[in-house]
Amino acid sequence: MAVGPDTPITQLAGVGEARAKKLAKLGLAQAADLLTYYPRDYEDRRKIYTLREAPVGQRVCVAAMAAEHPRKARIRQGLELVQLKVVDHTGALHLTFFNQGYVEKALRAGEEYIFFGTVEEQGRRRAMVNPIFERADSQSFTGRIMPIYRLTAGISNHLMASLIRQVLPCADSLADTLPQRIRQEQGLASTQFAVQNIHFPADEEALELARKRLTFEELFYFSVGLSFLKGRREGECSGCSILPCPLEEFRALLPFKLTQAQRRVMEEMAADMAAGRPMNRLVQGDVGSGKTVVAAYAAWLTVKNGHQAALMAPTEVLAEQHARSLSSLLSPAGVQVALLTGSMGAAEKKRVRTALASGNIDFVVGTHALISDGVEFRDLALMVADEQHRFGVAQRAALAAKGDRPPHVLVMSATPIPRTLALIVYGDLDISVIDQLPPGRTPVETFVVREDKRQRMYGFVRKQVQEGRQVYIICPAVEERSEEELALAAREGASPPMDLKAVKTYAVQLQEQVFPNLKVDFLHGRMKSREKEAVMAAFHRGDTQVLVSTTVVEVGVDVPNASLIIVENADRFGLSQLHQLRGRVGRGRHQSYCVLITATRNPESMARLRTLASTTDGFKIAEEDLKARGPGDFFGNRQHGLPQMKIADLAGDMRLLNLAQEAAKQLLEEDPELSAPEDRPVLERVRQLFAATPDIFN
């Protein structure tokens with residue numbers, strides 16, 4: 001069957017309905033998606049070692065002959081072993097395969113194979129566990145530079161590479177949308193060459209040419225799109241002019257002193273709002289830096305000028321928390337603050353909507369309920385989005401559209417983003433940074449702990465609860481992988497599964513075996529909204545003493561009585577995410593602690609965790625995270641409304657970024673509307689990339 005870019009993934013060899021669903025989690029539905037699913041790394045499998053020369057502890061290729069027929073044995077329910085010895089003229093190697101029964105028939109005594117895996121020393125003999133293998137006379141995945149892809153449960157790297165190899169021939173039909181003059185000026189390879197060699201490079205030089213072409217292209221289209229966004233902002237109709245009021249008048253409402261950083265950001269916002277065009281400002285501030293007070297100031301200014309304000313939060317718990325604190329702060333100044341969430345009763349929601357439409361509510365705090373049909377404002381002049389990365393640009397725009405004219409927009413984020421990355425991802429926003437913490441906040445003490453200290457750590461949990469505190473325990477998984485999934489992964493050459501703590505299973509184990517006298521509950525993202533809200537409310541009230549959760553608690557939940565957060569399998573998380581999780585404690589008057597548990601022996605992973613333990617500076621941590629993982633992982637699965645970077649590394653590609661921005665600027669100066677025939681493909685490509693960003697071309 002001929003494969004084209006539109007060929008559904010289900011028509012590829014090796015993809016049934018179950019695998020198609022798993023691939024869909026990675027955004028892969030058709031052949032074209034696979035072509036642009038670029039590797040995250042590469043393994044050089046070109047050198048073939050003899051058994052004696054093969055270095056211990058490294059993943060390498062060895063050529064050897066099966067010296068015997070494989071032996072299969074069932075050790076216990078769910079665990080099957082296949083073992084055999086392979087030899088060459090320098091020695092022997094003992095192979096063990098877990099849950100890969102097919103190996104018994106796949107390897108034949110007397111035939112030569114290439115094995116790829118980690119050589120280990122077991123006493124006086126050498127061994128390999130679960131190596132990838134293929135016949136020496138038909139190599140596909142050994143003897144070459146091999147791509148390494150981001151995966152999901154049930155999809156191995158071997159399978160992913162096999163699927164991409166199937167669709168690679170249709171790269172020849174891809175159109176080259178970069179104008180030829182730009183390609184020539186920048187010395188860029190063709191699309192076809194780049195796609196072929198980004199997946200299966202002929203050599204290092206071909207890989208570098210491919211990466212340069214695809215990175216430049218991504219940054220170029222991104223730069224063109226951001227130019228349109230900025231052009232839209234500059235050409236917008238005039239916004240509501242908010243006259244400044246003395247900051248000291250607002251300061252009189254506060255029971256604490258403002259930091260210099262807060263004052264600076266407030267002055268920047270006041271200048272924006274008085275300028276006569278809509279403010280579009282991102283306020284970044286580390287956990288506990290006082291962003292909510294800055295938002296309160298913007299809302300106070302807006303209401304003092306006779307207009308309405310709205311704040312949209314990502315969860316009901318956070319919305320309720322904001323509504324309580326903002327009402328307490330602003331009601332003495334006569335500001336009417338109200339709450340609007342999806343779980344409120346119909347009569348209460350109707351009352352709030354009526355009061356909003358009539359102007360009797362000055363400042364509404366809510367969730368996605370704010371952008372639902374039936375919510376109207378008398379005069380919306382300010383929209384605040386808390387934890388922006390939880391909202392797409394389209395959702396921000398939907399709330400902004402509730403006003404008769406473009407409102408001022410204030411976006412708040414507690415996720416520290418390196419400035420170079422922020423300038424790209426939030427290219428349509430001005431950026432302010434609150435880079436000071438209020439005086440008196442006690443830093444959270446952070447410890448990296450090995451598995452052998454687990455019982456001691458459980459004792460520390462009991463001690464904290466005895467003192468009246470509460471504890472978070474964060475896990476990377478919701479539930480255990482099934483035996484069927486583990487066997488499938490093993491059969492396809494995946495490494496032996498790590499013992500990842502799973503929320504539901506672990507919570508039951510802790511309640512029954514470890515903390516029978518404490519109240520343990522669990523929380524994860526697959527639960528229904530009302531279930532999640534009920535669990536968090538119980539924890540907030542103090543009814544639950546130990547909460548086992550996924551990273552769903554990462555954003556903004558304020559439980560001052562929680563003094564300890566434990567992160568299981570901490571090496572599985574990014575540094576910035578760990579820093580956000582750490583911010584869930586240290587919010588009260590008690591000394592708080594963060595314990596990072598890991599079983600990893602990887603020196604780089606341990607160094608990253610120790611970086612987190614050594615500093616509480618979110619921006620320093622973010623820079624380290626960006627260097628280690630790149631921007632794709634930096635934002636994880638968050639939908640910020642702008643195209644995700646698939647290949648560009650903004651920490652290392654600044655030179656290409658500058659070239660791409662210059663090329664985009666030059667192109668738009670020559671053809672502002674991209675209406676010339678040779679430039680139309682650029683316009684179409686940018687339209688596709690920015691499809692999630694509303695009205696970019698209006």
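This dialogue walks through a predicted model, feature by feature.

Trainee: Where do I start with a predicted chain? How many helices and strands does the protein chain have?

Mentor: Start with the overall tally. The secondary structure comes to 23 helices and 24 strands. The protein chain has 698 residues, and 52% of them count as buried. Its accessible surface is about 30800 Å², with 48% belonging to carbon and sulfur atoms.

Trainee: What share of the contacts join residues at least 24 apart?

Mentor: Take contacts between residues at least 6 apart in sequence. Of these, 74% join residues at least 24 apart.

Trainee: Now the sheet. How do I read the strand order in the open sheet of seven strands?

Mentor: The general idea first. Strands of a sheet pair through backbone hydrogen bonds, either parallel or antiparallel. In this open sheet the order is β14-β15-β13-β16-β17-β12-β18, and the pairing is parallel. β14 (337-340) and β18 (430-434) stand at the edges with a single partner strand each, so one side of each has no neighbour in the sheet. From one strand to the next, the twist averages 20 degrees.

Trainee: Which strand is joined to β12 by five bridges?

Mentor: That is β17. The two run parallel, and β12 covers residues 280-285. For a landmark, find Leu282, which stands opposite Val411 in β17. Then look for the helix α10, which packs on the sheet. α10 touches β12, β13, β15, β16, β17 and β18. Its direction makes about 170 degrees with that of β17.

Trainee: Which residues of the largest nonpolar core touch the most other members?

Mentor: The core has 44 residues. Phe250, Tyr297, Leu311, Phe363, Leu382 and Leu410 touch the most other members. Several elements give two or more residues to this core, among them α8 (247-251), α9 (260-274), β13 (308-312) and β16 (380-386). The largest share is from α10, with ten residues.

Trainee: What is Leu382 in contact with, beyond its neighbours within four places in sequence?

Mentor: Its partners include Met273, Met279, Ala298, Ala299, Ala309, Ala310 and Leu410. Thr302, Gln308 and His408 are also in contact with Leu382.

Trainee: On to charges. How many salt bridges are there?

Mentor: Side chains of opposite charge can pair when their charged atoms come close. With a cut-off of 4 Å from nitrogen to carboxyl oxygen, the count comes to 29 salt bridges.

Trainee: Are Glu43 and Arg45 buried or exposed?

Mentor: Buried. Their side chains meet in a salt bridge at 2.8 Å, N to O. Buried means under 20% relative accessible area. Glu43 has 17%, and Arg45 has 3%.

Trainee: What does the salt bridge between Arg454 and Glu568 tie together?

Mentor: Its closest N and O atoms are 2.7 Å apart. Arg454 lies in helix α15 (residues 454-466), and Glu568 lies in the loop between β23 (562-567) and α19 (575-582), so the pair ties together parts 114 residues apart in sequence. Arg454 is buried at 10% relative accessible area. Glu568 is buried at 1%.

Trainee: How far apart in the helix are Glu684 and Arg687?

Mentor: They are three residues apart in helix α23 (residues 680-689), which means about one helical turn. Glu684 is partly exposed at 36% relative accessibility, and Arg687 is partly exposed at 37%.

Trainee: Which residues do salt bridges that share partners join into one network?

Mentor: Asp176, Arg183, Arg213, Glu217 and Arg685.

Methods:
Residues are numbered from 1 along each chain as its sequence is written. This is a predicted model: local features need pLDDT of at least 70, side-chain atom pairs count only at pLDDT 80 or more; totals for chains, interfaces and linings use all residues. Side-chain values use heavy atoms; hydrogens and water are left out. Buried means under 20% relative accessible area, exposed over 50%, partly exposed in between (1.4 Å probe, protein chains only). Helices (H or I, at least four residues) and strands (E, at least two) are DSSP runs, numbered from the N terminus. A nonpolar core is a set of buried Ala, Val, Leu, Ile, Met, Phe, Trp, Tyr and Cys residues joined through side-chain atoms within 4.5 Å. Contact means heavy atoms within 4.5 Å. Accessible areas come from the Shrake-Rupley method with a 1.4 Å probe; for residues, only the protein chains shown count as cover. Two strands pair if DSSP finds at least two bridges between them. Axes are lines fitted to C-alpha atoms, for helices over the stretch in contact, and angles run from 0 to 180 degrees between N-to-C directions.
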